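Subject: Structure handover and side-chain notes

Hello,

Here is the structure for your files. My notes on the side chains follow below it.

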Amino acid sequence: MKLGVINARSWFKGADTTTLTHFLEKRYADLVSDKPNHPHCRYLTSILAGLQASNVFFHTLYAAPLWLPKKDRDTLIDSLYGVLRSFAEAANYAYGVLKKTRFKYQPKYHMLAEIRFAMMLDRNNLVPSLNPLAFSTQMDEDYVGKICQMSRFVASRTVRIKTIERLKLALMALW
């Protein structure tokens, strides 16, 4: 790889989420400060608080080692609480006041609550916590993406055989 050239296959898939939350935090902060008398300021403020907590969570998560130091674990627990609380506040406001169902409770909400609960349980039992990134499927997804890339330029009749042959060749090249 040449200096200054980014290899698209090694691009971190989670970067779009962190980039988006940083962008949205700035936008919502500007909106709340520019329009303090906005009729739905409480709604906007709860979204902003969720974005801020999310950014603290992501920053701490990606900077932390495999075994979380106590300070990082406490930060992750607190920031996840902020994300979950803000999401619930925004959802309740959207439904109760705006009569909109903009926020549905996705499985990721439950997953974040489970991650927080596991870290709180570890803390209460005085045992170390693994960084939740240890359970990430990012590498598996990238592996699937590479296999998919190998099958794109193959005739439909032979796609299964040619994809497996190309995968074998790629594995042999690594060894």
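**Salt bridges**

Arg123 and Asp74 meet through their side chains in a salt bridge, 3.0 Å from N to O. The term means a side-chain nitrogen of Lys or Arg within 4 Å of a carboxyl oxygen of Asp or Glu. Arg123 sits in helix α4 and Asp74 in helix α3, so this pair ties together parts that are 49 residues apart in sequence. Helices here are DSSP runs (H or I, at least four residues), numbered from the N terminus. Arg123 is partly exposed, at 29% relative accessible area. Asp74 is partly exposed too, at 28%. On this scale, buried means under 20% relative accessible area, exposed means over 50%, and partly exposed lies in between (1.4 Å probe, protein chains only).

Two points on provenance before the rest. This is a predicted model: local features need pLDDT of at least 70, side-chain atom pairs count only at pLDDT 80 or more, and totals for chains, interfaces and linings use all residues. Residues are numbered from 1 along each chain as its sequence is written, and side-chain values use heavy atoms, with hydrogens and water left out.

The structure holds 3 salt bridges. Another one joins Asp30 to Lys26, with the closest N and O atoms 2.9 Å apart. Both belong to helix α1 (residues 15-34), where 4 residues, about one helical turn, separate them. Asp30 is partly exposed at 30%. Lys26 is partly exposed at 49%.

Glu89 and Arg85 also form a salt bridge, and their closest N and O atoms are 3.7 Å apart. Both lie in helix α3, 4 residues apart, or about one turn of the helix. Relative accessibility is 39% for Glu89, which counts as partly exposed. Arg85 has 34% and counts as partly exposed.

**Aromatic pairs**

There are 4 aromatic pairs in the structure. The rings of Phe58 and Tyr62 have centres 6.0 Å apart and planes at 10°, so this pair is stacked. For the cut-offs: rings of Phe, Tyr and Trp (its six-membered ring) pair if their centres lie within 6.5 Å; planes under 30 degrees apart count as stacked, over 60 as edge-to-face, and the rest as tilted. Both residues lie in helix α2 (residues 41-63), 4 residues apart, about one turn of the helix. Phe58 is buried, at 16% relative accessible area. Tyr62 is partly exposed, at 35%.

The rings of Phe87 and Tyr109 have centres 5.3 Å apart and planes at 45°, so the pair is tilted. Phe87 is in helix α3 (residues 70-96) and Tyr109 in helix α4 (residues 107-124), so the pair ties together parts that are 22 residues apart in sequence. Phe87 is partly exposed, with a relative accessible area of 24%. Tyr109 is partly exposed, also with 24%.

Phe57, Phe58 and Tyr62 form one aromatic cluster.

**Nonpolar cores**

The largest nonpolar core has 13 residues, and those touching the most other members are Phe57, Leu68, Leu76, Leu80, Leu112 and Met119. A nonpolar core is a set of buried Ala, Val, Leu, Ile, Met, Phe, Trp, Tyr and Cys residues joined through side-chain atoms within 4.5 Å. Helices α2, α3 and α4 each give two or more residues to this core. The largest share, 5 residues, comes from α3. Another core, of 6 residues, lies apart from it, and includes Tyr43, Ile47, Tyr93 and Ala94.

Leaving aside neighbours within four places in sequence, Leu68 is in contact (heavy atoms within 4.5 Å) with Arg73, Leu76, Met119, Ser129, Leu130, Asn131 and Pro132.

**Asn131**

Asn131 also deserves a look. Asn131 lies in the loop between α4 and α5 (138-151). Asn131 is buried, at 3% relative accessibility. A polar atom of the Asn131 side chain lies 3.3 Å from the backbone oxygen of Ala64. Beyond its neighbours within four places in sequence, Asn131 is in contact with Leu61, Ala64, Pro65, Leu66 and Leu68.

Best regards

Technical notes:
Polar contact = N/O pair within 3.5 Å; in protein donor to acceptor, adjacent residues only side chain to side chain.
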